[in-house]
Amino acid sequence: MPRKDVHLRLEELKTDLTEIKGLEIAIGRIIEEEWAEPMGPTPYPSVTTLREWDQKLLKKYKPMYLPYCDSCCLCTMGKCDLTRGKRGACGLDMSSQQSRIVLLAASMGSATHTSHARHLVEHLINKYGTDFPLDVGKSVGIEVEAPLIRLVCGVRPRTLGDLEPILGYLESQITQLLAATHTGQEGNALDFESKVFHAGMLDLVGMEVADIAQISALGLPKADPEAPLAEIGAGTVDLTKPTILVIGHNVPSAVEIIDHLDKSGLQDKVEVTGICCTAHDLTRYDQRAKIIGPISWQLRYIRSGIPDVIVVDEQCIRSDVLVEAQKTRTPVIASSEKNCLGLRDRTDHEAGEIVADLVNGKDPGALLLDPAKVGEVAVRVAVGIAPQRTRFKAVPDIAETVKEAKRCTQCNDCRRACPNNMPIPEAINEAARGNINKLADLYDVCIGCDRCESACPNHIRVHTAIARAAEGKLRGERSKIRVGRGAIQDVEIRNVGAPIVLGEIPGVIALVGCANYPRGGREVAEIAHEFIKRRYIVVSSGCSAMSIAVEKDSEGKSLYEAYPGTFEAGGLINVGSCVSNAHIAGAAIKIANIFAKRSLRANYEEIADYIHNRVGAVGLAWGAITQKAASIASGFWRLGVPVVVGPHGSKYRRMLLGRRDKEEDWYVYDARTGGQVYTGPAPEHLFCTAETKEEAMVMMAKLCLRPNDTTKGRMIKLSNYIDMHRKFYGVMPDDLQQYVRRESEIPITMKDEIIKILKESNWQERPTPDPTLLLRMIGVRKAK
Amino acid sequence: MIRAEPWQTAEISGSMRAIPITKPDVIVAAIKRSRHPILIVGYEAVQEDSTEAKPIDYAIQIAELIPAQTVATSHIISEFARRGAKETSTMPILDIANRLKDPEWKGLDGKGQYDLAIFLGIQYNLEWVALSGLKHYAPHLKTISLDRYHQPHATWSFPNMTPEDWEHQIKTVVALLEDERHGS
């Protein structure tokens, strides 16, 4: 279907109804012809179109499988024991099973973003019309408005309506990928991996569709480096006002809340607070909204009793949100078909009737599938219920916490349930003696999963006790975050394209993903600060962008206040929510297109080859949790961009690891000569895990190295790598001979020491190629 | 045989589970049988503060007594140097695990693939997945977890223990290895 097997071409068609010029229809898809850029080789790629490219990457970065269990239990012939080379009843072995699970995860993630985009686009078309123009920053000169859509689909979307066929393509492809995971379908691990990459590529497109639609129609910041600052932290909430909490990722309902407040003149009388990406997108819409924090803040904030009504949309919402809300008698409004929470669908009921039932506690919540109705009901419920809920605005007092703690038998079940192995029994023991300080200490590391409480056989409310002990910390959380700016401007790309590709800006560090941090969110902020100070470009999104806001400089300014939001060396850019991750990939693509003048249109392999060999970008998802995080990472892998995850990320079941000791893996073609040239292991991995933040930082500095680095650029990158290695490891790296290509690349201040090391390893100078993995690129650029 | 459960309650591995180390002699016997052992030590080996000595100190003693090549994962290699340990390499945990599953690997010392990998101080879940990868893909390799949390994917692992009990066990391992060295 995605191939142009059947064409209908109309040079000019005039009828009574219309006049069409330059129209080409390929199996139901409209291909625009009035675009000077010729169509590339891979428009709307099918599942196998880019398989050859994927195999090139997978040859270098072979999967290392880390099975989570020994068996497969996905069909009734199982469970099948897959240990040590055994095959299941269907014939699948462990590697294929693991890659199949990775594909399932990536497909779930991709489906989720695409479904999000579908809902958003349909809602916005319904509200603003099919012909509503897309604009992600025309006023600041953005011409490449949708780099991913151009690259993958070969089309330029102009209106909201233009996004619908793109969504159709994504949906059909995701269905194919899901089908491939069925029993008796794909059986080869590397083919599963290729499909994982495909899922990731689709995911990036789906995210781009979602974000350019909402930026355009809702008037979110349009590639603005000086996007406004918003408040973040539970301490920013005015407790005297009725408070609404929105949780999730899909912003229309939250937008309607703001609009209803404005319409009813209540904008200064009600607090609108948010958790997770809906909060990001809401502050992009209106900076009076406040971000409470990342995904892990849900329980502690709900249990604080501060929110008077909770509105949930989709993704990353606790499944027990209704149960939790009922503990503080907080009504819940569900607003997505994907997350109905068992609530009665009252979309067609009169608003006043719903409000009365929620305020009076007749119903614990309602399912409302009309964003405008959600806006009205949420506001009216908050205003109506707040005076009645004052007494719930507190977690149990310390005396009660101490009393509960005395029930503890030190069985360790809480600790054995805790993902971070926190010393909960010791803290509870201290609390039983009246000292809650150790409980308060746990707050900084706690990811808010509540497994401790669920595991406690004595029904001690462990998570609540932690939140209570750290109430001062929660109330003290107040900082500033620059709201999601959206895309990177074309002019910014022009300014930094050369220094990035030549290596003079040592790298682009993308801090993305969720909040399953091994030792608290502050580590993300520390990582960001280290790279900003070293003049890398630091880009952030989602929960990580929120965690970065925690750190403050010596003047008490958050990093977003202290550093520019420009895509430049030393800049700190918050692109926005999960779906805004598309702009990070988009920036890398635009470097190839705008700076290097590579044709973008449906030219995936060449652009990915360019990015992989030349653009020193690395992603870090320090607290990655979800299947969406898996699909986002997969999209970057297909573009050849390495991704690092924190220790919990190893649970994704496989890494894509290079072997620097295998010289034969690190040859590229020299596009000028056609010869094969050893480049050293750069970048060394495509997907890897770091145990500590120090290891992650050194890893990322090294992963910014690229075969194309100029002498000066390689020297700058090596300076940072070596300096960070010495700073955090206390010793010199042991692999310099693989990265120093010429003596002139050795950082001057370390020259003698490094030359000595190189001599000991029989190092010899070697050339810098014009690197490519694609045979067809040999001689092409020169000829042009 | 004593019943050993994974430390993290939900980490149920499956059909092939570690043999619990009931007596430290088991470890010493496995080391004696090994022709080419390697010791892999992670960040938590320098974090534990409820024992008389830190796990890294015992790791250094054990490496010297075996003797075994040591790999420091994460960023703790300088802790080995500070304590006077010799010949320590550094590599991320999954990089070393990836090499350990390759029968053709020449080893860090150029003497070929290892036949015994001993782990200590790696974050529980990270060690868990690394050991799982090795269990399935490195049939030539035996693995021992010396941590105080039971690791079901290892060949041998201690059962879950208190810091005090763990320290007693690890001191016994050191003493037994010293006895071996002195030929008693």
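Analyst: Happy to! Leu656(A) stands opposite Phe687(A) in strand E23(A). This is a predicted model, in which local features need pLDDT of at least 70, side-chain atom pairs count only at pLDDT 80 or more, and totals for chains, interfaces and linings use all residues. Residues are numbered from 1 along each chain as its sequence is written, chains are lettered from A and ligands numbered from 1 in the order in which they are written, and side-chain values use heavy atoms, with hydrogens and water left out.

User: In which sense do E20(A) and E23(A) pair?

Analyst: Two strands pair if DSSP finds at least two bridges between them; strands are DSSP runs of E, at least two residues, numbered from the N terminus. Here E20(A) and E23(A), residues 685–689, run antiparallel with two bridges. Strand E4(A), residues 62–65, also pairs with E20(A) in the antiparallel sense, over four bridges, and there Met64(A) faces Met655(A).

User: Are the faces of strand E20(A) covered or uncovered?

Analyst: Buried means under 20% relative accessible area (1.4 Å probe, protein chains only). In E20(A), residues 654–657, both faces are covered: Arg654(A) and Leu656(A) are buried on one side, Met655(A) and Leu657(A) on the other.

User: How much of chain A counts as buried?

Analyst: Of its 784 residues, 65% do. Contact means heavy atoms within 4.5 Å. Among contacts in chain A between residues at least 6 apart in sequence, 76% link residues at least 24 apart.

Key
Buried means under 20% relative accessible area, exposed over 50%, partly exposed in between (1.4 Å probe, protein chains only).
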